[in-house]
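Here are my notes on the side-chain contacts, as you asked. Have the model open while you read.

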Amino acid sequence: MSRIFQILTVTAIVFYGCKESKEKKESPVAPRDTTINVNNSYSELFFDSTRMEQYIVKEKIPDTLANRIRSFYNSRNYQYAWFLDGTIAEYVPTFIEMQSNYIGYSGDSAIYDPKLNVVIDSIKNNKDSFNVKSPLLLSTELRLTEQFFRFAHRAWAGSHEQPKDLGWFIPRKKVDVVSQLDSLIKNKGKDVERYEPVNRQYNLLKDYLVKYYDIQKAGGWPTIPDIGKKTYKSGDSAAAIVHIKKRLIASGDLKGKDTSNLFTPELDEAVKTYEARYGFTEDGKVNNKLVAEMNKPVGDRIRQLLINMERIRWVPADPPADYLLINIPEYRLHVYEDGKHAWDMGVVVGTPAHNTVIFSGDLQYIVFSPYWNVPPGILKNEVLPGIKKNPNYLAKHHMEWNGKNNVRQLPGPWNSLGAVKFLFPNSYNIYLHDTPSRSLFDRDQRAFSHGCIRLHEPKRLAEYLLRNEPKWDSTSITKAMKSNKEQYVTLKQTIPVFIGYFTAWVDRQGRLNFRDDVYGHDKKMAEHLFATK
């Protein structure tokens, strides 16, 4: 049984399209395995390859998918995969249920085939249909295979063909569903979520999506009237507090049924929980900005969940054991060690006009007391005009000419990169670095840089990366950071860095988080996902 799905799913992962896709490349067809016969086959049923070709022509299946179907059946010498021993294989209902569940929660009806369930029910109710010469039996067999490929791509790899069109330059994951479906069959369709080749965040978001659909069906959460310039805090009493409580009860932030007009300690905790989930300072105070966030319709949050579930399908199901993750809308860097979250820190990212690029790389170098080589854009738009206005501009800003057409800033406390930078070679000229502008980390929204990523605790990261180097203890790192003399350190072991863009996720406390779409990437994604819905 696992042999069938190993071949089927290997074929599925390399098919990146559906019937409506325009294919540019033909996929090679696997040779026919003539060693398989009725004595060693999985199924007793075989069919003639010419009948498959007739189906491909009739259904107008694109070349890539057609070649995948040919490869699949060549590798099994044209024995049936979905029917055996006079009955439908036990994993057919499992597959149909998986597909139905996906369409139900995602709203992605592009793969829905209304004929499929009808013909399956017809075969179940008519034993004559299991005749090997039955046209219905073979057309259903081939339709199931075709449909599985389409489902596997949409559900597990993501529905958008070109993530780079949406500013995403992290290499798209390759879906390896062989072991997943093998386990699925062995477990007879139980615990499906354990075997889906998607990052664990996907199913965490999916669970909240179902809850938010229920809230929407119940009429959504109540709207809080405009509170103007007022701010409510613990101990206050006002009519608006009744509405605030009802709103937070609806989203699960406030437990119980208290809807009095008193700002209780319980409400104070609920507001702080809400603030944490939405990236606000956790002060327990309700102002007009927080009310505006609370008043966004549940339908908007549902779309935000679907957008981020699509992105999650692009990333590895099992990331490396050790890696760094920078989530741009969250303004945080997360350190993962041995597959577990170790610690995190705040970051400053690029402005909407100077986006920090979404990509991945391998951190390889630490540079203590770095020079700052002024980028061409800043040189042209800021430094050169400054020199024209003030001949002492370079000296004033601790800069010097570096060659004929380049300017750099000297190491020191004035340096724009601070006392240390971290390099992972890339074509976008983006890196992590310290900064002398520490006050920016006190803000909730931290998109202020020209594209590089400023670190709140750069020394801590240096200590972490060099933790296995006896030469580099805390004292020596501090000395190198204050030396005003540039020094490169090459890591013995590089560490992957992922710069991602997620505006919805579930945190380690199991709480659903949302953040603003700082670069407008959600808006672009929505145009793709919801254009025809």
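The points below cover aromatic pairs, charges over rings and salt bridges.

1. Bear in mind that this is a predicted model: local features need pLDDT of at least 70, side-chain atom pairs count only at pLDDT 80 or more, and totals for chains, interfaces and linings use all residues. Numbering runs from 1 along each chain as its sequence is written, and side-chain values use heavy atoms, with hydrogens and water left out.

2. There are 18 aromatic pairs (Phe, Tyr or six-membered Trp rings with centres within 6.5 Å; planes under 30 degrees apart are stacked, over 60 edge-to-face, the rest tilted). Take Trp343 and Tyr464: they sit edge-to-face, 6.1 Å centre to centre, with 80° between the planes. This pair links distant parts of the chain, strand 5 (residues 340–350) and helix 15 (residues 458–465). Both Trp343 and Tyr464 are buried (under 20% relative accessible area; exposed is over 50%, partly exposed in between, with a 1.4 Å probe and protein chains only).

3. Arg408 lies over the face of Tyr371, 3.7 Å from the ring centre (Lys NZ or Arg CZ within 6 Å of the centre and within 35 degrees of the ring normal). Lys421 does likewise over Tyr431, at 5.3 Å.

4. I get 19 salt bridges in the whole structure (a Lys or Arg side-chain nitrogen within 4 Å of an Asp or Glu carboxyl oxygen). One of them joins Asp434 to Arg438, with the closest N and O atoms 3.0 Å apart. Asp434 is buried at 10% relative accessibility, while Arg438 is partly exposed at 32%.

Terms used. Helix = DSSP H or I, 4+ residues; strand = E, 2+ residues; numbered from the N terminus.
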